[in-house]
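Please keep the model open while reading.

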Amino acid sequence: MTDTIQNDIAVVHEYKSIESIIFRTDTIAELHIQGWGYDVYVDGKKMIHQPHIPAVPGRQVFRSRQEAEKVAALVSYKIKNNIMPPSLTTAELDSLGIAYE
């Protein structure tokens, strides 16, 4: 759900679906890196394309499908619970056991 305030009235939008798709980054030729990333679709429209680990410098990729799935699940949770933007911190990545340099 997304809540916004317009003229002191809360406008609520319920998302019908939030889906994440995990992909190998070596399928994106211009990145020249191998690993995993994810896309998040909200109501059938791509909202997030994440070919690298968010919240860390550079273009580090997820080292496993499972890492990408964990982070995509957290981002989806944030969207569903109106935690916008659904950005992440390194502390959240650490709590999920995501490897990065």
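**Charged pairs, sheet and loop**

Glutamate 69 and arginine 65 both lie in helix α1, four residues apart, about one turn of the helix. Helices (H or I, at least four residues) and strands (E, at least two) are DSSP runs, numbered from the N terminus. The model is predicted, so local features need pLDDT of at least 70 and side-chain atom pairs count only at pLDDT 80 or more, while totals for chains, interfaces and linings use all residues. Residues are numbered from 1 along each chain as its sequence is written, and side-chain values use heavy atoms, leaving out hydrogens and water.

Side chains of opposite charge can pair when their charged atoms come close. Here a salt bridge is a side-chain nitrogen of Lys or Arg within 4 Å of a carboxyl oxygen of Asp or Glu, and the count comes to four. Glutamate 69 and arginine 65 form one of them, at 3.1 Å from N to O. Lysine 78 forms another with glutamate 92, the closest N and O atoms being 2.9 Å apart. That pair links distant parts of the chain, with lysine 78 in helix α1 and glutamate 92 in helix α2, 14 residues apart. Lysine 78 is buried at 7% relative accessibility, whereas glutamate 92 is partly exposed at 22%; buried means under 20% relative accessible area, exposed over 50%, partly exposed in between (1.4 Å probe, protein chains only).

The sheet comes next. Three strands make an open sheet in the order β3-β4-β5, with antiparallel pairing; two strands pair if DSSP finds at least two bridges between them. Because β3 (18-24) and β5 stand at the edges with a single partner strand each, one side of each has no neighbour in the sheet. Five bridges join β4 (residues 36-42) to β5, and tyrosine 38 has glutamine 50 in β5 as its bridge partner.

Glutamine 50 is buried, at 13% relative accessibility. A polar atom of its side chain lies 2.9 Å from the backbone oxygen of histidine 52, which is a polar contact (N or O atoms within 3.5 Å; within protein, one must be able to donate a hydrogen and the other to accept it, and residues adjacent in sequence count only if both atoms are side-chain atoms).

Beyond β5, glutamine 60 sits in the loop between β5 (45-50) and α1 (65-80). Glutamine 60 is also buried, with a relative accessible area of 17%, and its side chain reaches the backbone oxygen of proline 57 at 3.3 Å.
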